[in-house]
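Hi,

Here is the model I promised to pass on.

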Amino acid sequence: MMSALFIYSIKSVFVLAVLYVPYTLMLHRESFFRFNRFTLLAILVLSLVLPLCNFHFLAEDGLPTTQMVHQKAEAVCTPIAHKMKGTTPVPPEVREKATPDAVYSDSWSWHHILSVFCCVGMLATLLFRLWQFVRMGMLMRHGCVWKGKEDGLTIYCHADDVAPCSWMGNIIISHKDYTEHRNEILLHEQGHILHHHSVDILLLTLVQLVQWWNPLVYMLGNSMRDVHEYEADHYVLQQGVSLSQYQNLLIRKAIGTSSFVFANYFNHSLVKQRVMMMHKGRPNLWMCGKVLYVIPMAIVALSVFATPKVMQPVEDGISTFEHRFINMKAIESSHQNK
């Protein structure tokens with residue numbers, strides 16, 4: 001089970017790499033924010049789905065069937081044959097006691113260790129994310145001066161100087177910001193909520209659990225949050241807020257950071273890039289055609305994962321043989337120790 005999860009994680013990293021790297025080269029500076037957002041979401045979904053697919057017709061079938069079978073069997077069985085040299089025959093009474101669940105220390109090879117390490121990392125990442133989520137929920141209520149509803153959204157107004165942020169249908173804002181910049185800040189957070197950016201972050205978190213050791217998935221997370229900010233800024237300007245007034249507010253609010261990883265931020269580090277995006281005109285529609293790179297890259301990934309149909313029973317048989325050999329060695333070692 002753990003080995004299968006580790007292999008799935010490796011495949012997921014490969015898919016994300018071949019799809020996200022071209023995005024950073026061709027699309028991330030374009031101003032079609034919603035289109036870029038859906039592209040990133042597609043990359044996340046494909047990185048979870050494609051590793052589970054195995055289309056046999058995409059496999060390399062250049063070698064004759066018998067030659068492929070021979071090469072596969074030789075690659076796996078040769079190391080086992082070397083291990084068997086010098087071993088003594090196992091008595092029939094000991095062989096009869098062999099069970100499929102027999103385990104011994106020599107069977108813990110490098111891929112078993114990496115599999116355990118991968119699972120421990122996933123568990124640690126999950127606990128860390130859950131702790132951040134709990135902290136955010138506690139901070140919503142701790143120090144809250146008043147709680148109210150506006151346009152179907154729940155607003156938590158704090159006495160402390162907290163950074164404005166939103167999560168699902170909830171908005172956190174300080175009493176000072178609510179008094180001085182209520183309209184702009186609430187519109188920005190409303191933009192996050194109406195575009196369901198919190199759902200995007202949940203999907204991103206799921207992929208980060210699988211690929212917690214992959215730096216590219218955190219880079220994609222930064223790209224996703226940048227697109228969220230651009231989209232929310234665009235929503236504010238569509239509601240009639242003055243461009244110069246809003247940009248001045250962004251610059252003033254750029255100082256300070258927020259501790260909410262799950263939340264959508266009004267306060268963001270790339271303020272300069274956000275201001276530049278506001279001045280960009282509408283992109284040419286033909287630029288959207290760049291996203292078609294996803295199709296050949298996805299086919300490449302599927303081709304890498306594909307296994308010739310004739311090889312599947314051969315691999316299953318070899319795996320069964322190797323498992324039985326390990327069990328036999330375990331029983332033999334136990335018998336010799338006695």
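Predicted model: local features only at pLDDT ≥ 70, side-chain atom pairs only at ≥ 80, totals over all residues.

**What I found**

Residues are numbered from 1 along each chain as its sequence is written, and side-chain values use heavy atoms, leaving out hydrogens and water.

The chain has 13 helices and five strands (DSSP runs numbered from the N terminus: H or I of at least four residues for helices, E of at least two for strands). Take contacts (heavy atoms within 4.5 Å) between residues at least 6 apart in sequence: 75% of them join residues at least 24 apart.

Now to α9 (residues 215-238), starting with its packing against α2 (residues 33-49). Their axes come within 9 Å and cross at roughly 150° (lines fitted to C-alpha atoms over the stretch in contact, with angles from 0 to 180 degrees between N-to-C directions). That makes α2 roughly antiparallel to α9 (over 145 degrees; under 35 is roughly parallel, 65 to 115 roughly perpendicular, and the rest oblique). Residues making the contact include Phe33, Leu40 and Leu44 of α2 and Leu220, Met224 and Val227 of α9. By class, the α2 contact with α9 has nine nonpolar, four polar and three charged residues (Ala, Val, Leu, Ile, Met, Phe, Trp, Tyr, Cys and Pro are nonpolar; Asp, Glu, Lys and Arg charged; the others, Gly among them, polar).

Helix α7 (residues 182-194) also packs on α9: the axes come within 8 Å and cross at roughly 125°, so α7 is oblique to α9. Among the residues in this contact are Leu187, His188 and Gly191 of α7, with His228, Ala232 and Val236 of α9. Here the classes are five nonpolar, five polar and three charged.

Ser31 sits in the loop between α1 (2-26) and α2. Ser31 counts as buried because its relative accessibility is 12%. Setting aside neighbours within four places in sequence, Ser31 is in contact with Met277, Lys280, Gly281 and Pro283.

Antiparallel strands β1 (residues 144-150) and β2 (residues 153-158) are joined by six bridges (DSSP has to find at least two for a pair). Lys149 has Thr154 of β2 as its bridge partner. Two residues lie between the strands, and Asp151 in the turn has a positive phi of about 55°.

Cheers

Key: Buried < 20%, exposed > 50% of the residue type's maximum accessible area, 1.4 Å probe, protein only.
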